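This report concerns a ligand site and a pocket. Please examine the sequence and structure shown below before reading on.

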Amino acid sequence: MKEWEKKVRNKKVIVGVLGLGYVGLPLAREFALAGIKVVGFDIDEKKIKILNSGKSIIKHIPNSQVKTMVQAGLFKATSNMSRLRNVDAVLVCVPTPLTKNREPDMQFIIKSSQTIAKYLRPGQLVTFESTTYPGTTRELVAPILESNGLKAGKDFHLAYSPEREDPGNKNFTTKTIPKVIGGLTKKCLDTACTLYSAAIDTMVPVSSLEAAEAAKIMENVYRCINIAMVNELKMVFDRMNIDIWEVIRAAATKPFGFNAFYPGPGLGGHCIPIDPFYLTWKARQFGMPTRFIELAGEINTNMPHYVITKIMEALNEKKKSLKGSKILVLGLAYKKDIDDLRESPSIELIELLREKGAKVDYNDPYIAKTHKQREHDLQMVSKKLSAKMLAGYDAVLISTDHTNYDYDCIAANAKLVIDTRNATAKVRKGRKKIVKA
Ligand SMILES: NC(=O)c1ccc[n+]([C@@H]2O[C@H](COP(=O)([O-])OP(=O)(O)OC[C@H]3O[C@@H](n4cnc5c(N)ncnc54)[C@H](O)[C@@H]3O)[C@@H](O)[C@H]2O)c1
């Protein structure tokens with residue numbers, strides 16, 4: 001242990017980050033910023049080429065940071081997995097989506113474990129960061145890693161430390177977000193804590209791999225359920241002619257016992273709509289239902305339909321049908337000021353609008369065109385905004401409240417504004433045209 005501490009302190013360790021996405025790249029950056037050499041592994045050759053040329057692949061990580069890391073010799077990306085032999089630690093940040101049947105899709109965890117197993121050598125630390133159900137690291141990952149003959153906790157160290165990245169959050173970075181860590185053994189835990197302490201400010205060691213896995217799931221279940229709660233209240237209050245946004249603002253002045261959550265057009269992102277169902281799936285093996293999660297899922301997945309109904313009602317007031325109407329969707333990303341459209345409610349809204357016969361365009365300053373996703377292929381290009389073009393649509397639907405939209409201009413020029421985010425709260429002129437949904 002002393003030797004490992006010395007190696008980390010003297011920045012002689014080499015860290016491997018496997019999976020260079022929204023989580024892996026910021027993590028690699030933190031180690032590089034701490035002066036520790038990082039090798040980034042990915043199967044996506046395009047990403048590797050971009051990164052090695054000193055450019056970023058994520059909007060909120062500037063090109064200049066990647067360039068500095070590369071030029072300082074502190075970061076190199078590769079698809080040559082045999083180089084896993086050369087690193088002291090492998091931190092795994094691969095996707096954990098759901099299958100079509102809404103069950104955990106473990107293919108990325110399994111494949112990356114198989115790859116690591118092939119090159120695993122004694123003394124290495126392997127930490128998984130991907131969000132997953134409690135039991136994954138011990139029951140699924142460890143046996144695959146051990147298939148090459150080395151024993152976890154004896155020949156190599158195994159830990160789990162959930163990533164808590166919040167893309168676009170200006171108040172917290174990977175470095176300042178406390179790191180929950182569980183180890184297979186006490187030594188595994190200490191080894192992982194020592195390494196992460198070199199790049200991240202606060203360690204939160206827990207007693208087991210499962211406690212660390214469960215902590216992350218709990219955080220996301222908490223968000224999922226609270227968002228469902230405000231979404232339900234939004235619909236109830238709307239019927240009573242009460243503005244949910246005003247109610248939240250008032251309730252949030254309570255200095256204790258209340259955390260504000262905000263309604264929206266549906267759940268988005270890689271985490272909140274997906275991760276709770278990892279627990280649901282695992283809980284079934286224990287004969288336990290997860291009724292809160294199921295109910296929250298039901299309410300949240302209904303939100304895009306609610307928004308469509310609100311659009312239809314608003315058009316109806318103007319003696320128009322949705323069929324044949326021209327609708328402009330503002331914002332494709334799942335939340336403001338980022339370029340990630342995974343699981344974005346905007347996608348479902350566009351599909352529902354099209355199904356109902358509307359002609360749909362979109363604008364998103366961060367997403368110039370759509371690309372094929374696992375289950376969607378919109379084949380659309382972002383339209384340039386102008387006062388004139390806004391006036392050409394029967395309704396403008398604010399789905400993502402990007403900060404740099406000019407909401408006064410939108411309200412002034414659009415015929416009808418459907419606002420799902422309270423983005424037009426400060427708009428004074430043209431309020432009669434705005435419908436909250
Ligand atoms: N995006 C977030 O905000 C966020 C926040 C917290 C936790 N997480 C969790 O972190 C994990 C990663 O999410 P992400 O958003 O970074 O995903 P991502 O899709 O942005 O990145 C994953 C990367 O892994 C690569 N990859 C896939 N299989 C691989 C393999 N076998 N070997 C090497 N590379 C491989 C992909 O090419 C991709 O570049 C998920 O479990 C997610 O739930 C994400």
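How do the residues of the lining of the second largest pocket divide into nonpolar, polar and charged?

## Basis of the report

The model is predicted: local features need pLDDT of at least 70, side-chain atom pairs count only at pLDDT 80 or more, and totals for chains, interfaces and linings use all residues. Residues are numbered from 1 along each chain as its sequence is written, and side-chain values use heavy atoms, with hydrogens and water left out.

## The second largest pocket

The lining comprises 5 nonpolar, 5 polar and 8 charged residues. Here Ala, Val, Leu, Ile, Met, Phe, Trp, Tyr, Cys and Pro count as nonpolar, Asp, Glu, Lys and Arg as charged, and the others, Gly among them, as polar.

Helix H1 (2-9) and helix H7 (186-197) each contribute at least two lining residues; helices are DSSP runs (H or I, at least four residues), numbered from the N terminus. H1 provides the largest share, 4 residues.

## The ligand site

Around the ligand are 26 residues, of which Val-23, Asp-42, Lys-47, Thr-96 and Arg-342 come nearest; a residue is near if one of its heavy atoms lies within 4 Å of the molecule. This shell holds 12 nonpolar, 7 polar and 7 charged residues.

Oxygen atoms of the ligand lie 3.0 Å from a polar backbone atom of Tyr-22 and 2.9 Å from one of Val-23. From Asp-42, a polar side-chain atom lies 2.6 Å from a ligand oxygen atom.

Definitions and conventions:
A polar contact is a pair of N or O atoms within 3.5 Å; within protein, one must be able to donate a hydrogen and the other to accept it, and residues adjacent in sequence count only if both atoms are side-chain atoms.
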